[in-house]
Amino acid sequence: MRGSSFTYLIKEGARNIWVNRMMSLASIGILVSCMLLIGSAILLSINLNGMVGYVETQNEMVAFLEDSADDSTVSLVQTALENNENVDSFAFVSREEALEQYSEIVPESLMQSLEEDKEEVFPLSFRITLKDLSKIDQTIGEIESIPGIMQVNAPTNVAETVTGIKRAVYICGLGIVVILLAVTLIIIANTIKVTVFNRRKEINIMKFVGATDLFIRMPFVVEGVLLGFVSACVAYLLLWGGYSYLLNYVQEQAPVTVASFLKNLVPFSQVAKQLFASFAAGGIMVGVFGSMIFVRKHLKV
Amino acid sequence: MIRFSNVSKIYDNGTEALKNVDLEIADGEFVFIVGSSGAGKSTLIKLLLREEVPSSGTIEVNGYTVNRLKRRQIPVFRRSLGVVFQDFRLIPTMNVYDNVAFALRVTNVSTRDIRRRVPYILSLVGLASKARCKMNELSGGEQQRVALARALVNNPKLIIADEPTGNIDPELSYEIVDLLNEINKVGTTILMVTHEHDLVAQFNHRVITIDNGSVVDDAADWGQR
């Protein structure tokens with residue numbers, strides 16, 4: 001194919017968008033709507049996951065050391081915790097710190113009833129947060145097996161609940177995105193089908209003047225690429241604006257009690273690149289393959 | 001040259017559109033094909049354009065054995081023909097110039113040659129001043145002349161005209177056939193399908209009559225009868 005023919009076909013694709021502008025607008029509208037729905041579902045799913053993840057990190061377990069534990073035992077436990085793959089973070093709590101924390105929650109009268117050397121009552125301990133709460137039982141076992149550990153207190157019931165919620169959010173999010181994708185493909189396939197059907201006479205004429213299948217398809221493919229890309233840009237900008245506005249609104253209006261919880265909402269900039277790349281790739285692919293498949297039907301002349 | 005050797009066409013629904021047709025049209029001839037509605041004229045054109053394949057027999061056109069063409073050879077074969085249809089089959093979203101240039105673009109002709117050839121052909125059919133007009137700004141006769149220009153622009157050896165005057169006024173019909181006549185004088189073979197006997201009678205050309213799928217008459221002196 002000559003360079004001039006190639007340029008002509010690209011120009012034809014772009015020209016066709018303008019010539020069939022109502023249909024092009026309808027296609028863009030449908031593509032944008034579908035991308036917005038899928039994008040919103042993805043953002044919702046990411047945020048719910050993020051919130052559950054935040055709850056997960058707030059769940060601490062406490063590992064108490066044996067009374068006889070000395071500095072070398074502490075450093076041994078510390079090393080073992082550092083090497084444990086499921087331990088996200090940990091903090092050593094001395095007897096003095098434990099007493100201080102205890103005294104904040106226990107009435108003063110009760111504290112006074114304790115004998116002298118009150119701090120000796122409290123064992124040395126480590127406060128530990130986990131990366132994956134679903135492995136809490138396994139991790140408890142691992143920590144309990146570290147020499148010098150007397151006992152591990154862990155909120156296993158809470159962990160089970162949080163893990164269950166997390167799994168449910170993941171499955172629901174995935175399910176919604178898959179359903180929306182399927183619906184989107186059906187709608188877009190029909191839109192392209194109608195677009196191509198409206199121009200079947202044009203395709204027929206091209207065949208009778210000796211155009212090859214590639215020559216006929218090219219402008220449709222170019223059209224598909226351009227419509228897909230424009231739709232991706234529009235959907236991205238709308239989602240960006242809408243999501244950022246909503247995020248600001250929620251964070252400003254939220255009561256102080258949940259403010260720290262809402263801080264974990266994902267800012268748009270964090271997912272922007274991936275979202276735009278997915279929209280653009282999805283839009284272009286749907287445009288290209290849709291055009292190729294549905295034009296094919298009319299090429300058999 | 002066109003040669004039909006014992007060609008039959010039976011459609012899937014059992015309709016026998018053509019029955020054992022033998023036909024030969026030499027290079028440079030002007031031939032009318034006449035017949036009533038349903039006689040088999042359209043099937044004959046479809047077979048010539050390789051829109052359909054015969055159920056039996058062989059069709060040769062411009063050196064191609066049409067019924068044996070592979071799918072990828074069809075575009076190349078069609079470029080050796082010029083086709084004019086009753087409903088013009090012009091692309092409504094393109095102007096006159098682009099409709100004609102389109103036939104050159106599909107054959108990979110350079111832009112420079114297109115700029116030289118299209119205005120020349122448009123002046124031949126008397127539409128040089130309407131090059132930038134859209135199809136809905138032209139009369140039926142003018143649209144048919146655009147279709148004729150598109151058929152001519154590739155300099156084909158054969159022009160197939162399927163009822164080219166079916167959608168235009170009688171006085172303009174004569175003009176179109178006269179234009180085809182002029183094209184024939186420079187050596188292009190013309191095959192024109194029509195049911196307008198009065199029009200055919202005005203020109204002294206070979207006339208093949210088809211009835212019920214068979215060639216029932218093939219006369220060089222049809223106009224004098």
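Guide: One term before we start: two strands pair if DSSP finds at least two bridges between them. Also keep in mind that this is a predicted model.
Visitor: Which residue is the bridge partner of Arg3(B) in E2(B)?
Guide: That is Glu24(B).
Visitor: What sheet do these strands belong to?
Guide: An open sheet of four strands in chain B, ordered E2-E1-E4-E5, with antiparallel pairing.
Visitor: Which strands stand at the edges?
Guide: Strand E2 (16-25) and strand E5 (64-65) of chain B. Each has a single partner strand, so one side of each is left without a neighbour in the sheet.
Visitor: Staying in chain B, how many residues of strand E3 are buried?
Guide: Five of its five, counting strand E3 (residues 30-34) of chain B. Both faces are covered. Phe30(B), Phe32(B) and Val34(B) are buried on one side, Val31(B) and Ile33(B) on the other.
Visitor: Which strands does E3(B) pair with?
Guide: Strand E8 (residues 189-194) of chain B is one partner, running parallel with five bridges. There, Phe30(B) stands opposite Ile190(B). Strand E9 (residues 206-211) of chain B is another, also parallel, with four bridges. In E9(B), Thr209(B) is the bridge partner of Val34(B).
Visitor: You mentioned Ile33(B). What else does it do?
Guide: Ile33(B) belongs to the largest nonpolar core, which has 103 residues. Along with Val100(B), Ala149(B), Ile159(B), Ile160(B) and Leu191(B), it touches the most other members.
Visitor: Which element gives the most to this core?
Guide: Helix H9 (residues 213-253) of chain A, with 13 residues.
Visitor: Now chain A. How many helices and strands?
Guide: 11 helices and four strands. Of its 301 residues, 27% count as buried.
Visitor: How are the strands arranged?
Guide: Four strands form an open sheet in the order E2-E3-E1-E4 of chain A, with antiparallel pairing. Strand E2 (87-93) and strand E4 (149-153) of chain A are at the edges. Neighbouring strands are turned by 20° against each other on average, direction ignored.
Visitor: How many bridges join E2(A) and E3 of chain A?
Guide: Six, between E2(A) and strand E3 (residues 125-130) of chain A, in the antiparallel sense. Val93(A) stands opposite Ser125(A) in E3(A).
Visitor: Let's switch to helices. How do H2 and H11 of chain A meet?
Guide: The axes of helix H2 (residues 21-58) of chain A and H11(A) come within 11 Å and cross at roughly 145°. The crossing is right-handed.
Visitor: Which residues make the contact?
Guide: From H2(A), Leu31(A), Met35(A), Gly39(A) and Ile46(A). From H11(A), Val271(A), Leu275(A), Phe279(A) and Gly283(A). By class, that contact has six nonpolar, two polar and no charged residues.
Visitor: And how do the two chains touch?
Guide: 16 residues of chain A are in contact with 19 residues of chain B. On the chain A side, helix H1 (3-19) and helix H8 (200-208) each give two or more residues. That side has 10 nonpolar, four polar and two charged residues.
Visitor: Which residues of H8(A) are buried?
Guide: Glu202(A), Ile203(A), Ile205(A), Met206(A), Lys207(A) and Phe208(A).
Visitor: What covers them?
Guide: The cover includes H9 and helix H11 (268-298) of chain A. It also includes helix H2 (74-78) and strand E6 (81-85) of chain B.
Visitor: What follows H8(A)?
Guide: Gly210(A), with a positive phi near 95°.

Technical notes
Residues numbered from 1 in each chain as written. Chains lettered and ligands numbered in written order. Predicted model: local features only at pLDDT ≥ 70, side-chain atom pairs only at ≥ 80, totals over all residues. Contact = placed C-beta atoms within 7 Å. Nonpolar A, V, L, I, M, F, W, Y, C, P; charged D, E, K, R; others polar. Core = buried A, V, L, I, M, F, W, Y, C linked by C-beta atoms within 7 Å. Buried ≥ 20, exposed ≤ 12 C-beta atoms within 10 Å, placed from the backbone. Axes fitted to C-alpha atoms, helices over the stretch in contact; angles between N-to-C directions. Left-handed = near helix turned anticlockwise from the far one by under 90°.
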